Amino acid sequence: KKGIVIYIAGEGANGAKMRLRALRKKYGHNTDNFYMLECSSNLSDFREMDKLASEISAITESIADEKISLIAFDTLHRNTAGIDENSASDFALVLGNVDKYLKPLCKLIGYIHHTGNSQDTAMRGRGTSARFAAMDTSIVIHSKEKGSAGMTCVKQKDGDSFDTMYFEMEKVDIDLLDEEG
């Protein structure tokens, strides 16, 4: 279902812009409902969360009473400076701030996070298991082979996980030229 998305690009903003451009070109979609903030925000600091909530409210103020569908953080690590990702109590602080400052503004909060390196953590994000336990849904994007990727639902709190889906990656020429053409 189409909705408003706020994307907090703590890293990779240039790549995200190029992917948006490619999606617009390939599918002809209007992305007026997609807002990218090119910054990281410390989810463990209530002052930064208050500031972020104000920025998001200002962006959506002009939109008719429509609630934001998704606020996405890329990546969790870049948006939680100073916390120990292995600490359940540090992550509880992040969850408390998200619940207080962002949940009232939107339907869904999501974040991109890196998986662990061990076989045990290859299908879940690295760090405290309290973070995984607090999620309603966890989806892992993994490479199948060069040029393709898989998407696996590893947790679905209130329903059945979907079957793994595979996608072929496709290059889209976005007419991006350097200063020499």
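Predicted model: local features only at pLDDT ≥ 70, side-chain atom pairs only at ≥ 80, totals over all residues.
Two strands count as paired if DSSP finds at least two bridges between them, and by that criterion strand β1, made of residues 5-9, pairs with β2 in the parallel sense over four bridges.

- Four strands form an open sheet, which runs in the order β2-β1-β3-β4 and has parallel pairing.
- The edges of this sheet are β2 (34-37) and β4 (106-112), each of which pairs on one side only, and from one strand to the next the twist averages 15°.
- In general, the strands of a sheet pair through backbone hydrogen bonds, in either a parallel or an antiparallel arrangement.

**Burial of strand β1**
- Strand β1 is mostly covered, with five of its five residues buried.
- Val5, Tyr7 and Ala9 point one way from β1, whereas Ile6 and Ile8 point the other way, and all of these residues are buried.

**Helices across the strands**
- Helix α1, which spans residues 13-27, lies across β1 and β2 and runs at about 165° to β2.
- Helix α2, which spans residues 46-60, lies across β1, β2 and β3 (68-74), and its direction is at about 145° to β2.

**A buried loop residue, Asn79**
- Asn79 belongs to the loop between β3 and α3 (88-102).
- Because its relative accessibility is 0%, Asn79 counts as buried, the cut-off for that class being under 20% relative accessible area.
- Leaving aside residues up to four places away in sequence, Asn79 touches Ile8, Gly10, Cys39, Ser40, Ser41, Asn42, Leu43, Phe73 and Asp74.
- One of these contacts, Ile8, is also among the buried residues of β1.

**The cavity**
- When the whole structure is searched, one cavity of 30 Å³ or more is found, and the largest cavity holds about 60 Å³ of space.
- The residues that line the largest cavity are Leu76, His77, Thr80, Ile83, Glu85, Phe91, His113, Thr128 and Arg131.
- Sorted by class, this lining consists of three nonpolar, four polar and two charged residues.

Technical notes: Residues numbered from 1 in each chain as written. Heavy atoms only, no water. 1 Å grid on protein atoms, 1.4 Å probe; cavity = no way out; pocket = protein on both sides within 12 Å on 5 of 7 lines; lining within 4 Å. Points joined across faces, edges and corners; volume = space filled by probe spheres on them. Nonpolar A, V, L, I, M, F, W, Y, C, P; charged D, E, K, R; others polar. Helix = DSSP H or I, 4+ residues; strand = E, 2+ residues; numbered from the N terminus. Axes fitted to C-alpha atoms, helices over the stretch in contact; angles between N-to-C directions. Contact = heavy atoms within 4.5 Å. Buried < 20%, exposed > 50% of the residue type's maximum accessible area, 1.4 Å probe, protein only.
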